Amino acid sequence: MRTTTSRQVEPAAVETKDRPGLTRRQVHAVAGCYFVASFAALGLPPYLTEILPELGDGAARWAGLLYIVPTIFGALGAPLWGRLADRFGRKRLLLRAQLGLAAAFLLAGWADSLGTFVAALVLQGILGGTFAASNGYLGAALEGNALSRALTLMQGSARAALVFAPIVVGSLTPWLSPHRQYALLAVLPLTAAVMLAALPEPPRAPAAAAKQAEAVAETDAVQSPETAAGTAAEPAGRAPVASLRALYALEFAFVFSTVISFPYLISLIKERIPGTGPMVSGVLFALPHMCYLVAAMAVHAVFRTRPRLGIGIGFGCIALGLAGHGLVDSLTGFIAVRLVLGAGLTLGLVCLSVLAADCAKGRAPGGLFGSIEFFSKAGAVAAGVAAAVGNDWFGPAAPVLTGTAIALVTVLATAAPVLLSRLPRTRRSPRCLR
């Protein structure tokens, strides 16, 4: 059995040796391009309540729905763009994503009606997808530890944009309204496209080798926990530690349990600590993402060979941190629970990157990362809906408690196979067989 498996995996191993790879500078260039291109996508939505009155929605009643419109259409388009990238070239589709984002931003910035602005947000979701396109590009040129480090760096770019983009947008507001900043910030994805044009085109994996390796991976993914643990440390040609279904489920649960606390966190802070200024609230909001920026690479070095353990600990920290949000009523308490949540966020994102890199072996990277992006955005949409419903019914503490429940369920689902594999197995004595 071992000999057969090794022979089946061999074509994928040969194919990956032919990959030219990317230099560290080129990987950093891809991450940097995503950082600048995502500024408008991440920095301007918090200002929808100021943008919509300029377009006729005086009470900004559509802000909540429009916040997730790009996410919904991004989720629908990501798998398709990923498959097209595998067919026509990852670099081409990455450039398409940057140019599509620029076009959508220009339309949003010059929109003079609510309908046109909504159409721009729909196009942003359909034509964008720069994160999945960037990951697919990296997945075609890198593998194993190098790919997981690159994916960790990409998540760092997303966290950095999430922290700094709203600050920059707010700083520009006295001179240019957030609505018109869409048009100004369209220059960023255009600049990113020019920079990416200088990067090499990763090779396309032979279809037969990719399909054969995928069949082996799916077969090995259903092996016993003991076998999975034993193969986790094999350096080359090893089977994925997690099946695709498990990876998609973990991605959905992680995004849901973390994003659900975002929309009403400021309201919760104001309710628990009256008189808190916007600067303090903003720092508390950004604190978990700052934790990632500080500790991500160190966490990757520790957990790159044991991502399941990191996932379990990460969800445990998320559950503990979110539960604490429902109990604390002081600034010190909020700092503590936000740091705990930041630890869970960092562990989860890093270990999910390791699992994704592991599953990428022998698979078409565009389709894989497009599918991962679909489940990630689906988790974000579900979290936004659950947060809105919970807040309306039970107040701003309800979303964090819902996230706690999902995180706890995921901890149990992650730990159960490991615990069962360690239970002593007893055999009945022949004397007892009657």
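Predicted model: local features only at pLDDT ≥ 70, side-chain atom pairs only at ≥ 80, totals over all residues.
Residues are numbered from 1 along each chain as its sequence is written, and side-chain values use heavy atoms, with hydrogens and water left out.

**View 1. Helix α16 packs against helix α18.** Here you see α16 (residues 278–303) and α18 (residues 331–359), with axes 7 Å apart and an angle of about 40 degrees. Helices are DSSP runs of H or I with at least four residues, numbered from the N terminus. Axes are lines fitted to C-alpha atoms over the stretch in contact, and angles run from 0 to 180 degrees between N-to-C directions. The two helices are therefore oblique to each other; angles under 35 degrees count as roughly parallel, over 145 as roughly antiparallel, 65 to 115 as roughly perpendicular and the rest as oblique. The crossing is right-handed, that is, the near helix is turned clockwise from the far one by less than a right angle. Sorted by class, this contact has 22 nonpolar, four polar and one charged residues. Ala, Val, Leu, Ile, Met, Phe, Trp, Tyr, Cys and Pro count as nonpolar, Asp, Glu, Lys and Arg as charged, and the others, Gly among them, as polar.

**View 2. Helix α14 packs against helix α19.** The axes of α14 and α19 are 8 Å apart, at an angle of about 35 degrees, and the crossing is right-handed. The classes are 15 nonpolar, three polar and one charged.

**View 3. A closer look at Val 259 in helix α14.** Setting aside neighbours within four places in sequence, Val 259 is in contact with Ala 380 and Ala 383. Val 259 and Ala 387 are 128 residues apart in sequence, yet their C-alpha atoms are 9.0 Å apart in space.

**View 4. Helix α8 meets helix α19 (residues 365–394).** Their axes come within 8 Å and cross at roughly 145 degrees, in a right-handed crossing. Helix α8 brings residues including Phe 131, Asn 135 and Gly 139, and α19 brings residues including Pro 365, Phe 369 and Glu 373. This contact divides into five nonpolar, five polar and one charged residues.

**View 5. The largest cavity holds about 120 Å³ of space.** On a 1 Å grid over the protein atoms alone, a cavity is a set of points where a 1.4 Å probe fits but cannot get out, and lining residues have an atom within 4 Å of a point. Of its 13 lining residues, those closest to the centre are Trp 81, Gly 82, Gly 129, Ala 132 and Ala 133.

Note on methods
1 Å grid on protein atoms, 1.4 Å probe; cavity = no way out; pocket = protein on both sides within 12 Å on 5 of 7 lines; lining within 4 Å. Points joined across faces, edges and corners; volume = space filled by probe spheres on them. Contact = heavy atoms within 4.5 Å.
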